[in-house]
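Here is a short report on a single model. It covers side-chain pairing, a helix and a core.

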Amino acid sequence: MERDGGAVTIVGVAARTGVSRTFLSDDAQAPLLAKLRGLATKQPATGRPALPDHQRIITKSHATVVRALREANRKLNEENERLRNELAVALGQLRDLRRGIPAPRG
């Protein structure tokens with residue numbers, strides 16, 4: 001179930017495997033029950049099933065993605081600031097042209 005990205009629950013495992021919940025709660029199944037509970041606690045609290053292990057992002061990869069996104073965001077903010085300045089200059093020049101003020105030389 002975890003490999004498929006499905007929710008891991010005692011009820012779900014019992015239904016999928018065709019055994020009773022009582023069977024899973026038996027002392028002989030304690031290691032299996034512990035493993036199921038461990039898998040269930042790894043799932044997000046959002047109610048959505050956890051991603052299979054091979055699809056989960058590792059912390060190092062996550063940090064790399066965050067760094068790259070922050071850098072891209074910084075560059076976009078710089079470009080926005082540059083474009084705002086260009087627009088302000090162009091609007092000022094347009095205002096001066098409409099008022100008949102000659103453009104500065106230089």
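Predicted model: local features only at pLDDT ≥ 70, side-chain atom pairs only at ≥ 80, totals over all residues.

## Ground rules

Residues are numbered from 1 along each chain as its sequence is written, and side-chain values use heavy atoms, with hydrogens and water left out.

A salt bridge here needs a side-chain nitrogen of Lys or Arg within 4 Å of a carboxyl oxygen of Asp or Glu. The count comes to six. One of them pairs Arg-74 with Glu-71, with the closest N and O atoms 2.3 Å apart. Glu-78 also bridges to Arg-74, again with a closest N and O distance of 2.3 Å.

Both pairs sit in a helix (a DSSP run of H or I, at least four residues, numbered from the N terminus). Arg-74 and Glu-71 lie in helix H4, residues 59-99, three residues apart. Glu-78 and Arg-74 are four residues apart in H4, about one turn of the helix. An α-helix has 3.6 residues a turn, so residues three or four places apart point the same way.

How exposed are these side chains? Arg-74 is partly exposed at 37% relative accessibility. Glu-71 is partly exposed at 32%, and Glu-78 is partly exposed at 46%.

## A further pair

Arg-84 forms a salt bridge with Glu-81, where the closest N and O atoms are 3.1 Å apart. These two are three residues apart in helix H4, so about one helical turn separates them. Glu-81 is partly exposed, with a relative accessible area of 41%. Shared partners join Glu-71, Arg-74 and Glu-78 into one network of salt bridges.

## Length and end of H4

The expected span of a helix is 1.5 Å times one less than its number of residues. H4 has 41 residues, so it should span 60 Å; its end C-alpha atoms are 59 Å apart, which agrees. Gly-100 follows H4 and has a positive phi, near 80°.

## The nonpolar core

A nonpolar core is a set of buried Ala, Val, Leu, Ile, Met, Phe, Trp, Tyr and Cys residues joined through side-chain atoms within 4.5 Å. The largest has six residues: Val-8, Val-13, Ala-14, Leu-24, Leu-36 and Leu-39. Helix H1 (10-17) and helix H3 (30-42) each supply at least two residues of this core.

Key:
Buried < 20%, exposed > 50% of the residue type's maximum accessible area, 1.4 Å probe, protein only.
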